[in-house]
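Subject: Structure handover

Hello,

The sequence and structure you asked about are below. My notes on what was found follow them.

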Amino acid sequence: MNSSTIRHLQEVDSTNSEMKRWLGVCPDLLSHSCVYADFQISGRGQIGNSWESERNANILMSILYRPTEPMHVRRQFDISMAAALAVKSTIEAHLPSSHKVSVKWPNDVYVDERKICGILIENTLSGANIGYSIVGIGLNINQKEFISNAPNPISLYQLTLKNYDEQGIREELQRNFIKYSNYIPNQVDTLHNEYINSLFRADGNFHPWALPSGETIMAKIIDTLSTGYIVLETETGQQSSYAFKEISHIIKLPNANLLT
């Protein structure tokens, strides 16, 4: 990466919004260009959720991705897998092996039972194909305390009681995203296999899941489809596929049962 493809702001509404503004001025901006900020006023998560981040403590960044070949919108989950695996690989390099880093479907990154990273991907279409994607990443690095009502956040500092070089980790994360996004489109099977092997609770055991109706089922993860749907199998052997928000993990932490 060079200075013409990296933009740093001390404060911004959201890095995804800033990337859109940059593209408005520079429509030919190179793939893997990056916006990062010290603080977000209006950081966003999935489905309108907010993202808590202390000033100058965490990684708040957005990476531009342009497909190298025509990519139908039905393949957008490939980008999600690449982003999640890039984050997972980056985090694992800074934690002892006693901590399990995994990807909670579809693309949150967890350490043990707690969320350390959220990813928000926004796609712009050109006909039926993806013109470009903006991959927003919020990664908790040096935050010592979380005060919002987010159910189960964690940071690298809280896990190890060490402060980390945010710039070094950000640059490592960029390199890892380039590595995994280069699997698209010709090595997607490799990307998918690593993603499946990295999934939270994809251990062959039955775990509790919640349906929007409030019903709880016990199911195990079988696969994910190219559309991003997850395939689960119940204890009776019935297999079903679900889109994001059609089913949720139930995570038991002290004093709380979480739907995530």
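A salt bridge here is a side-chain nitrogen of Lys or Arg within 4 Å of a carboxyl oxygen of Asp or Glu. Please keep in mind that this is a predicted model.

Salt bridges

By that criterion the structure holds 10 salt bridges. Four residues, Arg7, Asp13, Glu18 and Arg21, are linked in a network of them.

Glu18, at 9%, counts as buried, because the cut-off for buried is under 20% relative accessible area.

Glu18 also forms a salt bridge with Arg21, at 2.9 Å from N to O. These two residues are three apart in helix H1, so about one helical turn separates them. In general, an α-helix has 3.6 residues a turn, so residues three or four places apart point the same way. Arg21 is partly exposed, with a relative accessible area of 40%.

Another salt bridge joins the side chains of Arg201 and Glu113, at 3.1 Å from N to O. This pair links distant parts of the chain, 88 residues apart. Arg201 sits in the loop between helix H5 (188–198) and strand E8 (207–210), while Glu113 sits in the loop between strand E5 (108–111) and strand E6 (114–126). Arg201 counts as buried at 14% relative accessibility, whereas Glu113 is partly exposed, with a relative accessible area of 29%.

Helix H1

Which residues of H1 are buried? They are Thr15, Asn16, Ser17, Glu18, Met19, Trp22 and Leu23. The elements that cover these buried residues include E1, strand E2 (34–37), strand E3 (59–65), E6 and strand E7 (129–139).

Helices H2 and H4

Helix H2 (residues 77–92) packs with helix H4 (residues 166–181) at an angle of about 135°, and their axes are 8 Å apart. That angle makes H2 oblique to H4. The crossing of the two helices is right-handed.

On the H2 side, the residues in contact are Ala82, Ala83, Leu85, Ala86, Val87, Ser89 and Thr90. They meet Ile169, Glu172, Leu173, Asn176, Phe177, Tyr180 and Ser181 of H4. Sorted by class, this contact has nine nonpolar, four polar and one charged residues.

Ser102

Is Ser102 buried or exposed? Its relative accessibility is 1%, so Ser102 counts as buried. Ser102 lies in strand E4 (residues 101–104). Leaving aside residues up to four places away in sequence, Ser102 touches Lys88, Asp108, Val109, Tyr110, Ser198, Leu199 and Phe200.

Regards

Definitions and conventions
Residues are numbered from 1 along each chain as its sequence is written. This is a predicted model: local features need pLDDT of at least 70, side-chain atom pairs count only at pLDDT 80 or more; totals for chains, interfaces and linings use all residues. Side-chain values use heavy atoms; hydrogens and water are left out. Axes are lines fitted to C-alpha atoms, for helices over the stretch in contact, and angles run from 0 to 180 degrees between N-to-C directions. Helices (H or I, at least four residues) and strands (E, at least two) are DSSP runs, numbered from the N terminus. Angles under 35 degrees count as roughly parallel, over 145 as roughly antiparallel, 65 to 115 as roughly perpendicular and the rest as oblique. A crossing is left-handed if the near helix is turned anticlockwise from the far one by less than a right angle, and right-handed if clockwise. Contact means heavy atoms within 4.5 Å. Ala, Val, Leu, Ile, Met, Phe, Trp, Tyr, Cys and Pro count as nonpolar, Asp, Glu, Lys and Arg as charged, and the others, Gly among them, as polar. Buried means under 20% relative accessible area, exposed over 50%, partly exposed in between (1.4 Å probe, protein chains only).
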